[in-house]
Amino acid sequence: EKHHRVTDCCAEIVADRDAEKGSQVYETYGDNTNYIYFMYHGFIPDENPYECVDLDLPDLFYDLNNDDNDADKTELQLVRSNRIQVAKALGFRQPSLCVRDEVKMFEQIVSYMRARALDDSDSFKACRNAQDTYTAKSLRSCVPTFDATPLHNVLRKKLKKYKKRSKSLDDDTLNNRERWAIRYVDVRKGILKSLLDYIKTEVVT
């Protein structure tokens with residue numbers, strides 16, 4: 001690469017700017033999640049805006065795959081197509097993402113859940129804004145309530161994977177690696193809990 005080269009004898013790092021001889025230079029670690037920092041660099045930053053938790057969201061077509069659904073097959077296909085269009089307008093290319101502790105991302109996820117509630121042509125038309133597209137604001141207006149249970153289940157299942165810690169960060173017997181391991185889990189749990197709290201601020205059924 002431009003600034004990193006591996007030769008037969010060593011690895012070379014090339015500066016991206018001039019520096020005076022003898023002055024201190026810095027190597028950036030890049031914009032990474034805490035997993036990368038912890039596993040490959042041996043530490044976790046005090047603040048990391050790029051930390052995120054992988055989430056697989058509830059099925060967008062959960063009610064369209066049932067053979068007992070009496071709706072016309074053509075109409076079901078149209079609903080499927082329209083939901084895909086809404087999801088794409090919200091920035092989704094697949095029903096999964098690595099969620100950061102950002103209100104904008106929380107809003108994106110809640111909007112996805114609202115899209116799951118759209119089930120006929122009229123509702124899709126009602127949710128378009130003046131620019132004839134779908135946004136978090138337009139979806140909130142036309143789908144004021146939605147069933148958050150499937151999303152709650154996903155988040156709680158994820159939270160259960162993190163065992164309750166037996167030691168506090170203030171414990172003097174902890175070494176640095178143990179402290180970073182605790183912080184790694186705490187930050188990820190914090191993101192999931194923040195998302196749960198955000199969902200509570202929305203009107204849900």
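The legends below describe views of a predicted model of one protein chain.

**View 1. Overall fold of the protein chain.** The protein chain holds seven helices and four strands. Their order along the sequence is β-β-α-β-α-β-α-α-α-α-α. Taken along the principal axes, the C-alpha atoms fill a box of roughly 75 × 45 × 30 Å.

**View 2. Surface and contacts of the protein chain.** The accessible surface amounts to about 13,800 Å², and carbon and sulfur atoms contribute 49% of that area. Buried residues make up 32% of the 205 residues. Among contacts with a separation of 6 or more, 63% are between residues 24 or more positions apart.

**View 3. Helix α6, residues 149-160.** This helix has twelve residues and spans 16 Å from its first C-alpha to its last, close to the 16 Å expected at 1.5 Å a residue. L151, H152, L155, K158 and L159 are its buried residues. Seen down the axis of α6, these residues fall within an arc of 130°, so they line one face of the helix. K157 and K160, on the other side of α6, are exposed. The cover over the buried residues of α6 includes β3 (53-56), α3 (103-115) and α7 (176-201).

**View 4. The loop residue D132.** D132 is located in the loop between α4 (121-126) and α5 (136-142). Its phi is near 60°, a positive value in a residue other than glycine. Most residues other than glycine have a negative phi.

Key:
Residues are numbered from 1 along each chain as its sequence is written. This is a predicted model: local features need pLDDT of at least 70, side-chain atom pairs count only at pLDDT 80 or more; totals for chains, interfaces and linings use all residues. Side-chain values use heavy atoms; hydrogens and water are left out. Helices (H or I, at least four residues) and strands (E, at least two) are DSSP runs, numbered from the N terminus. The expected span of a helix is 1.5 Å times one less than its number of residues. Buried means under 20% relative accessible area, exposed over 50%, partly exposed in between (1.4 Å probe, protein chains only). The arc is that of the directions from the helix axis to the C-beta atoms. Contact means heavy atoms within 4.5 Å. Accessible areas come from the Shrake-Rupley method with a 1.4 Å probe; for residues, only the protein chains shown count as cover.
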